[in-house]
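User: I'd like to learn how to read a model like this one. Could you take me through it feature by feature?

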Amino acid sequence: MEQTKLKELFDSLTLDEKIGQLVQLNGNFFDSNEKIATGPVVKIGIDKEKIYQTGSILNTMGAKELKDIQDRYLQKNDKKIPMLFMADVINGFKTIFPIPLGLGCTFNPKLVKKTAEVTAKEAAVSGLHITFSPMVDMVRDARWGRVMESYGEDNYLNCEYAKAMVEGYQGNGDKYSTILSCVKHFAGYGAPVAGREYNTVELGERSLRQDYLPSYKAAVDAGCELVMTSFNTIDGIPVTANDWLLRDILRKDWGFKGVVISDHSAVKELVPHGVAKDGKEAAKLAIEAGCDIDMMTATYSNHLSSLVESGQLDMKYIDEAAMRVLELKNKLGLFENPYRGADEKLEKEVVLCEEFRKFAREVVSQTCVLLKNDSILPLTKNQKVAVVGPYAFNKNLSGMWSINVDSEKVVTIYDGLKKQANENCVTFAKGSPLLDDDHLFESFGYAKNIGELVSDNPVEECQKAVQVASQADIVIVAIGEHPHQSGEGGSRGEITLPRVQVELLKEMKKLGKSIVTLIFSGRPLALSEVSQYSDAMLQCWFPGTEGGDGIADIIYGKVNPSARLSMTFPYSVGQCPIYYNEMSTGRPAKGSTHSKRFTSRYIDIPNEPTYCFGYGLTYSEFKYSPIELDSHILTPNSSIKASVVVENISEQEGTETVQLYIRDLVGSVVRPIKELKGVQKVLLKPNESQKVEFIITEDMLRFVRKDMKFASEEGDFEIFIGKDSSTENKDTFVLKK
Ligand code: BGC
Ligand code: BGC
């Protein structure tokens, strides 16, 4: 629609119609059976007459269903303004990829971009317009359940992934293969105090700007059309009512022109937060702060008009927000074609097609991190393998956010292994339930034991596994968290595996066989005990539809693993939050002149994590030369070429993930001990070596200085190039301005 026409349409809207554009409800409100639809109307307390003014819905999917909803809606909407269809399509639509934290471990933004492209293709033909993804909250605390939805703890990688995901979803805007992206949760949601979901966030402005905001900005710079506000406070002010974040930073500083949507009920939650005394005040605070759409409450719908009519709210706030929503609809072409890409025929062809499944399988093998390997893996096809554990034959491999998954289509670990091994070489026994007891069901949102998860007789179950495993040469133990132990509302105070599963592992070890442990989880777990009983360990996250095949590819050596941890694996929960790029302290545990006691350390556990950021093994072995710099002096107008020679000193072709870190030795404010600044993946044949080069430029050294400017400072720097964040392969250079 031409801009003048759009303006005409906008001018014709009543106040209530404009407000309707700012309300988002779910599909239940638009059920063809009006009686059923009455339920949600009553629950949420919205005026029934206003339902057909609603601007958008969330989490309903499917070409036919969405077309029907749009049809019914348009019949009853006076101005014939189509609705927007948004949904949480997180790690895949129906072809489910590994959870985002797994994708983070690829250290490969190009591959991650392709997952978003596939997801967009499936979602677009299924009628969706917008996904609430990517979530680029920087996160350092494994207790927080939503670490599974993040890409990990590193700013550099998060920015790369933010850009990759937005570009992957939004592409060239074609209606059959792209959707729009809503980055979330702006801002700082990944840093709740004590890792407890929805808790307060306490961040200094420097850290907020330097560590937490850049990934959202990277999404905005990549053209992301929507931004979701987070539930948390920043310096005492909930983000949904925070005009400094939503107007000064997001719109003024970053130039964001798109739509801001609240997180689910976040406008209404300004009341329990205690910054608004009632819904009316909450509505006023949020719209004035710059939150355009109220997701899933009647707060805007019930209060904005009376606020305007009584002169308490300037109409300009409603006008600007409603116009943004109309502009978004126009950008999607909805006025010409309210169904956009929804197409039942294409949906059948595209969704879960062979090509996408094949790609998902490849992605699985790029996300699993080999944590330990005492010369056990890869297996040969004629070895006798027993696969035991609650994840051995389990289709629940997609993590908590895959609301659209078709579990029947998921390849189990047992099936994946059986396909690749010689006949009769793989046997199976469950061996243990997922959980120790059922007290968790209620907090998972289940009313009662849904079977499978706990067992009346775990001892007997374990004994059966002992029998099966005693016949084998190798025991693969597939264990992990229940998918509902991570994800939203899934914060944990302990980050170990359920006891009953560790007991199974111990029993298996007692048999004297080689043990390969596969770990399924939505977070880094404390694995030191598991490591004691394992000869090899593969961190599998929740791998999605192609889990079994992708993991079997690694187990039997079709793929040489190359993923690296994008989040630190703590030694114990007491270290959380723990991250590689911590700040220098005045009394470092190593290198202080004080006696050991009076340094920054624990007296009962190590400072070091079990597995550091960037860590991951391959079936190959690589050797690094010392770093070579073509100059030791950097200026704003020159660059330094830093190189190493990486050599594959094994008989296995493999990919090495070469990582560049920099340390600013002296700054006007305390600086991190090391920061990732570059990654390169190099594929090397046996005994092949390759020179790997990084270009160092002044902009890589910028930070939020004492004067709050984002800029570099002259002085000495250390540069590290190696296989993970613990590398000591280093050199130095000086920045002169
Ligand atoms: C979550 C968001 C999600 C939204 C809509 C909220 O509870 O925090 O990440 O996009 O629900 O389902
Ligand atoms: C302690 C102070 C103490 C000072 C002098 C420091 O190590 O932190 O509390 O007053 O020593 O003994």
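User: Where is His-185 found?

Analyst: Elements first: helices (H or I, at least four residues) and strands (E, at least two) are DSSP runs, numbered from the N terminus. His-185 sits in strand E5, residues 180-186. Keep in mind that this is a predicted model, where local features need pLDDT of at least 70, side-chain atom pairs count only at pLDDT 80 or more, and totals for chains, interfaces and linings use all residues. Residues are numbered from 1 along each chain as its sequence is written, chains are lettered from A and ligands numbered from 1 in the order in which they are written, and side-chain values use heavy atoms, leaving out hydrogens and water.

User: What kind of peptide bond joins Lys-184 and His-185?

Analyst: The general idea is that most peptide bonds are trans. The bond between Lys-184 and His-185 is cis, with omega about -10°. Another cis bond runs from Cys-576 to Pro-577, where omega is near -5°. Pro-577 belongs to the loop between helix H21 (547-555) and strand E17 (622-624).

User: How far is an oxygen atom of ligand 1 from an N or O atom in the side chain of Asp-88?

Analyst: A polar contact is a pair of N or O atoms within 3.5 Å. For Asp-88, the distance to a ligand 1 oxygen is 2.4 Å. The side chain of Asp-263 has an N or O atom 2.6 Å from a ligand oxygen, and for Glu-488 the value is 2.8 Å. On its own, ligand 1 exposes 310 Å², and the protein buries 94% of that. Such areas come from the Shrake-Rupley method with a 1.4 Å probe.

User: Which residues of H4 are buried?

Analyst: Buried means under 20% relative accessible area, exposed over 50%, and partly exposed in between (1.4 Å probe, protein chains only). In H4 the buried ones are Ala-63, Leu-66, Ile-69, Gln-70, Tyr-73 and Leu-74. They cover an arc of only 135° around the axis, so they lie on the same side of H4. That arc is taken from the directions from the helix axis to the C-beta atoms.

User: How many Å apart are the end C-alpha atoms of H4?

Analyst: The expected span of a helix is 1.5 Å times one less than its number of residues. With 14 residues (63-76), H4 should span 20 Å, and its end C-alpha atoms are 20 Å apart, which agrees.

User: Is Leu-352 buried or exposed?

Analyst: Leu-352 counts as buried, at 14% relative accessibility. There's a backbone feature to read there too: most residues other than glycine have a negative phi. Leu-352 has a positive phi, near 60°, in the loop between helix H14 (344-350) and helix H15 (354-367). Ala-194 also has a positive phi, about 65°, and is placed in the loop between E5 and H8. At 44% relative accessibility, Ala-194 is partly exposed.

Conventions:
A polar contact is a pair of N or O atoms within 3.5 Å; within protein, one must be able to donate a hydrogen and the other to accept it, and residues adjacent in sequence count only if both atoms are side-chain atoms.
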